[in-house]
Amino acid sequence: TPTQLWTNLKHGIPGGNGVPLLEGFGCLQTGCTVTILGSNGVPSAKSYLFFSVNTLLLAPFKGGYMIPATAAWISFSPTGGTLFGSTTLSGPAVPPYILWAQWWIKDPAAPVGWSASNGIKGINF
């Protein structure tokens, strides 16, 4: 049975709905289902889910901290201020890695116009 650990790295920036929360569930190995859930975002606002593998940035950005070294991102407008993504990982077995992720939301009530979720770290053993 694969072992998976998700860690809340904090560093969120509050906006109109408080501090957005990002959570990870499931394992990060072939055959497992992984789910990313975000809440407390601004409904229908432009937002980005940033993520990277094996590279932590943790650098000052928009009045807070950008957690992942933004190797990739997904742009979307969340309905109801929530984010949900789930997939079953397929393909060959992969070596151990760390997934870093953070959700940024265009939010006029935030200090510099952007609220941010906590960062999360998922470890594949």
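The legends below describe close-up views of a predicted model.

In this predicted model, local features need pLDDT of at least 70 and side-chain atom pairs count only at pLDDT 80 or more, while totals for chains, interfaces and linings use all residues. Residues are numbered from 1 along each chain as its sequence is written, and side-chain values use heavy atoms, with hydrogens and water left out.

View 1. Q102 belongs to strand β9, residues 97-106. Strands (E, at least two residues) are DSSP runs, numbered from the N terminus. With a relative accessibility of 0%, Q102 counts as buried; buried means under 20% relative accessible area, exposed over 50%, and partly exposed in between (1.4 Å probe, protein chains only). A polar atom of the Q102 side chain lies 2.9 Å from the backbone nitrogen of I67.

View 2. A pair of aromatic rings is described by the distance of the centres and the angle of the planes. Rings of Phe, Tyr and Trp (its six-membered ring) pair if their centres lie within 6.5 Å; planes under 30 degrees apart count as stacked, over 60 as edge-to-face and the rest as tilted. By this rule the count comes to four aromatic pairs. F50 and W73 form a tilted pair, with 6.4 Å from centre to centre and 50° between the planes. This pair links distant parts of the chain, since F50 is in strand β4 (residues 47-53) and W73 in strand β7 (residues 72-76), 23 residues apart. F50 is buried at 12% relative accessibility, whereas W73 is exposed at 52%.

View 3. The rings of F61 and W104 are edge-to-face, 5.0 Å centre to centre and with 85° between the planes. Here too the pair links distant parts of the chain: F61 is in strand β5 (residues 56-61), W104 is in strand β9, and they are 43 residues apart. F61 has a relative accessible area of 33% and is partly exposed; W104, at 1%, is buried. The charged end of K62 sits over the ring of F61, 6.0 Å from its centre. A charge sits over a ring if NZ of Lys or CZ of Arg is within 6 Å of the ring centre and within 35 degrees of the ring normal.

**View 4. The largest nonpolar core.** A nonpolar core is a set of buried Ala, Val, Leu, Ile, Met, Phe, Trp, Tyr and Cys residues joined through side-chain atoms within 4.5 Å. The largest one has 16 residues, and those with the most contacts inside it are W6, L22, I36, L49, L83 and W103. Strands β3 (33-39) and β9 each supply at least two residues of this core. Its largest share, five residues, comes from β9. Apart from this core lies another, of six residues, among them I13, F50, M66 and A116.

View 5. N54 is not a glycine, yet its phi is positive, about 65°. N54 lies in the loop between β4 and β5 and is partly exposed, with a relative accessible area of 48%. K62, also not a glycine, has a positive phi of about 50°. K62 is in the loop between β5 and β6 (64-68), and its relative accessible area of 40% makes K62 partly exposed.

Methods. Helix = DSSP H or I, 4+ residues; strand = E, 2+ residues; numbered from the N terminus. Polar contact = N/O pair within 3.5 Å; in protein donor to acceptor, adjacent residues only side chain to side chain.
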